[in-house]
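The following paragraphs lead the reader through one structure. Please keep the sequence and the coordinates at hand while reading.

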Amino acid sequence: MIVVAGEALIDLVPQGADGGPHEGGAGDAGLPALAPRLGGGPYNTAVALGRLGSPVAFCSRVSRDAFGEALLDGLRAAGVDVTPVRRGPEPTTLAVASIGADGSAGYSFYVEGTADRLFEAPDRLPDGVRAMSFGTCSLVLEPGASAYEELMRRAAADGVFTALDPNVRAGLIPDPDAYRARFKSWLPSVSLLKLSQEDADWLGGTPHEWLASGPAAVVVTHGGDGLSLYTRDGTELRVPGEKVDVVDTIGAGDTVNAALLHGLCARDALSPRGLAGLGAEGWTGVLRFAARAAALTCSRAGAEPPYATELA
């Protein structure tokens, strides 16, 4: 069982990014219509793991509103266990996406008084947990951020393999220096650190510095240019990205998270010893699989991770 912990939200995506141009009028000053899409970094990761066939559960707090019901339906449809999800009367967090000419996505968030940020750490994890994944807004927005942090530290102390994708949303971080210090404090509790090159530039530091603080491996994504790997035992390699016609990049990094965890699980490598035993050949296979999965996500609108049959 892989448990993904973090927020579930609704992405409001411009309809033009969905393949259909929007005709603006005087009443909307040319603004595009926004289509709701199920999302949130951890949510997308859980759905992607389920579609790939990994046993996965989602640990979060989700609204009882219509968006919350749709989010849970999406998890169940992907085969995700929602038993650890708690519910609340507060509204669902909204993220308004803007899509650049190259398909890259930017976001503005509506998070005040929403259900997911009131998350409380459960007393116990589901039976058979081999790995936990954390990241994105859930590690920023209090009071839930401290609860997720507590859960991450507890899981690591119990010997659970932990994966972290900070997936920095700078607009939500009021004190960047405080967040950077907090990020460094998480590293002793992290087995696998995955982050984008943009995240790495914003956070500061290098893969070798992060490895010295705790993780057994660091994976850096470079958009269409592929992924880089650095391990504590000195393995360094890079695989190219898969060429694809990009619709948008929503959910691509989350798909990489899921594909990495799925690939490591398939190789019985969800442990520091397992990671050390992969070697360059094993890691190359995992990274190529992740690059292919992310490319498929980028080839369609919104966060639509691939199914295992699409990657066979």
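Leaving aside neighbours within four places in sequence, Thr 45 is in contact with Val 4, Ser 133, Asp 254, Asn 257 and Ala 258, where contact means heavy atoms within 4.5 Å. The model is predicted, and local features need pLDDT of at least 70, side-chain atom pairs count only at pLDDT 80 or more, and totals for chains, interfaces and linings use all residues. Residues are numbered from 1 along each chain as its sequence is written, and side-chain values use heavy atoms, with hydrogens and water left out.

Thr 45 has its place in helix H1; helices (H or I, at least four residues) and strands (E, at least two) are DSSP runs numbered from the N terminus. With a relative accessible area of 1%, Thr 45 is buried. Buried means under 20% relative accessible area, exposed over 50%, and partly exposed in between, for a 1.4 Å probe and protein chains only.

Which helices pack against H1? Two packed helices are described by the angle between their axes and the distance between the axes. The axes of H1 and helix H7 (residues 252-266) come within 8 Å and cross at roughly 45°. Axes here are lines fitted to C-alpha atoms, for helices over the stretch in contact, and angles run from 0 to 180 degrees between N-to-C directions. The crossing of H1 past H7 is right-handed, a term used if the near helix is turned clockwise from the far one by less than a right angle, with anticlockwise giving a left-handed crossing. On the H1 side, Gly 41, Asn 44, Thr 45, Ala 48, Leu 49 and Leu 52 meet Asp 254, Thr 255, Asn 257, Ala 258, Ala 259, Leu 261 and His 262 of H7. The residues of this contact divide into six nonpolar, six polar and one charged. Ala, Val, Leu, Ile, Met, Phe, Trp, Tyr, Cys and Pro count as nonpolar, Asp, Glu, Lys and Arg as charged, and the others, Gly among them, as polar.

H1 (residues 41-52) also packs with helix H2 (residues 66-77), at an angle of about 30° and with the axes 9 Å apart. H1 and H2 are therefore roughly parallel to each other. Here Tyr 43, Ala 46 and Val 47 of H1 meet Ala 70, Leu 71, Gly 74 and Leu 75 of H2, and the contact residues comprise six nonpolar, one polar and no charged.

A further helix pair is formed by H3 (residues 144-157) and H4 (residues 176-186), which pack at an angle of about 20° with their axes 11 Å apart. H3 and H4 are therefore roughly parallel as well. Ala 145, Ser 146, Glu 149, Met 152 and Arg 153 of H3 make the contact with Arg 182, Ser 185 and Trp 186 of H4. This set divides into three nonpolar, two polar and three charged residues.

The description now turns to the sheet. Eight strands form an open sheet in the order E4-E1-E9-E10-E11-E12-E13-E14, with mixed pairing; two strands pair if DSSP finds at least two bridges between them. Strand E4 (56-59) and E14 are the edge strands, each pairing on one side only. From one strand to the next, the twist averages 15°. Strand E12 (residues 217-221) runs antiparallel to E13, joined by five bridges, and Val 218 has Tyr 230 in E13 as its bridge partner. Helix H9 (residues 279-298) packs on the sheet, touching strand E11 (192-196), E12, E13 and E14, and its direction makes about 30° with that of E14.

Strand E13 (residues 227-231) pairs with E14 in the antiparallel sense over four bridges, Ser 228 being partnered by Arg 238 in E14. Their hairpin has four residues between the strands, and Gly 234 takes a positive phi near 100° there.

Some backbone details remain. Most residues other than glycine have a negative phi, and most peptide bonds are trans. The bond from Glu 142 to Pro 143 is cis, with omega near 5°, and Pro 143 is found in the loop between strand E9 (131-135) and H3. Asn 167, not a glycine, has a positive phi of about 45°, and at 12% relative accessibility Asn 167 counts as buried. Asp 268, also not a glycine, has a positive phi of about 55°, but at 55% relative accessibility Asp 268 counts as exposed.

How values were computed
Parallel < 35°, antiparallel > 145°, perpendicular 65-115°, else oblique.
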